[in-house]
Amino acid sequence: MMGDVAKDLAAGTVGGVAQLVVGHPFDTIKVKLQSQPTPLPGQLPKYSGAIDAVKKTLAAEGASGLYKGMGAPLATVAAFNALLFTVRGQMETLLRSAPGAPLTVNQQFVAGAGAGVAVSFLATPTELIKCRLQAQGSGAAIVAEAGAAATAAVKYGGPIDVAKQVLRSEGGIRGLYKGLFPTLAREVPGNAAMFGVYEALKQYMAGGTDTSGLGRGSLMLAGGLAGGAFWVSVYPTDVVKSVIQIDDYKNPKYTGSIDAFKKIVKSEGIGGLYKGFGPAMARSVPANAACFLAYEITRSSLG
């Protein structure tokens, strides 16, 4: 039994690193688009779209700007994916009708949902730290904008500094878990969709429940589309999570998830719930293709 857990841990870790290296630049652009202030009447937004955000980030911060805030997820993405794939493996064992029997697509949905609950408790503080670092950008450009945004100059020196400041002045551990509800609302259905779609596509391509003979291209295709399914199913909750996690503690704009959801729709329409959707999808497909491929190769190489 321990052998399976160890294999899932190792393979999940390798998958996580592959996912991050491929995907992090897209994620930075996603958060910048999600967190840009709504322009005043007659003013243009800071970024006109994803390509514009990439150009401006490269101009202001160089290529390293696209990898900003990667320290925290790199430290935890290994743990995150190890936990995700290990809990999913344990759920599979519980759900199996007989030892070694393949799971149905429905059982994979359930296993994914269970894994989503577990990883939410690890994801919430990590995402909070990551979003704060990504949203602060280079600082200087923001200060020019009027009012409250002036405080958005570079406030944090790095991931540890974010954690310290939140623990000290935002209510201790509870502060780091701000956004737990929308994180659960993202991870549970998102992972159910991702693992369910992954299994369904693999079985479809293999023409049956035995998917062990699928080649790397098929695994990448299934993994990439499964990652896309994750975001299609839960994107608005991710936008809500981002705005709540970067909300000012002392004078918050939002009282909670439902309030944030309502205010975004009221001020920006349904489109506001899909800000940054393009880069999220553009990231998710190659990043999850890399993650699932690395996971499958590592797991099978461990025997």
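Modeller: A cavity is a set of points on a 1 Å grid over the protein atoms alone where a 1.4 Å probe fits but cannot get out. The model is predicted, so local features need pLDDT of at least 70 and side-chain atom pairs 80 or more, while totals for chains, interfaces and linings use all residues. Residues are numbered from 1 along each chain, and side-chain values use heavy atoms, without hydrogens or water.

Biologist: How much space lies in the largest cavity?

Modeller: The count is one cavity of 30 Å³ or more. Volume is the space filled by probe spheres set on points joined across faces, edges and corners. For the largest cavity, that is about 510 Å³.

Biologist: Which helix gives the largest share of its lining?

Modeller: Lining residues have an atom within 4 Å of a point. There are 30, and Gln19, Val77, Phe80, Glu127 and Arg283 are the closest to the centre. Helices here are DSSP runs (H or I, at least four residues), numbered from the N terminus. Seven lining residues, the largest share, come from H3.

Biologist: H8 and H9 also give two or more residues to that lining. Are H8 and H9 roughly parallel or antiparallel to each other?

Modeller: H8 (180–206) and H9 (216–245) come within 8 Å and cross at roughly 170 degrees. Angles over 145 degrees count as roughly antiparallel. H8 and H9 are therefore roughly antiparallel.

Notes:
Axes are lines fitted to C-alpha atoms, for helices over the stretch in contact, and angles run from 0 to 180 degrees between N-to-C directions. Angles under 35 degrees count as roughly parallel, over 145 as roughly antiparallel, 65 to 115 as roughly perpendicular and the rest as oblique. On a 1 Å grid over the protein atoms alone, a cavity is a set of points where a 1.4 Å probe fits but cannot get out, and a pocket is an open set with protein on both sides within 12 Å along at least five of seven lines; lining residues have an atom within 4 Å of a point.
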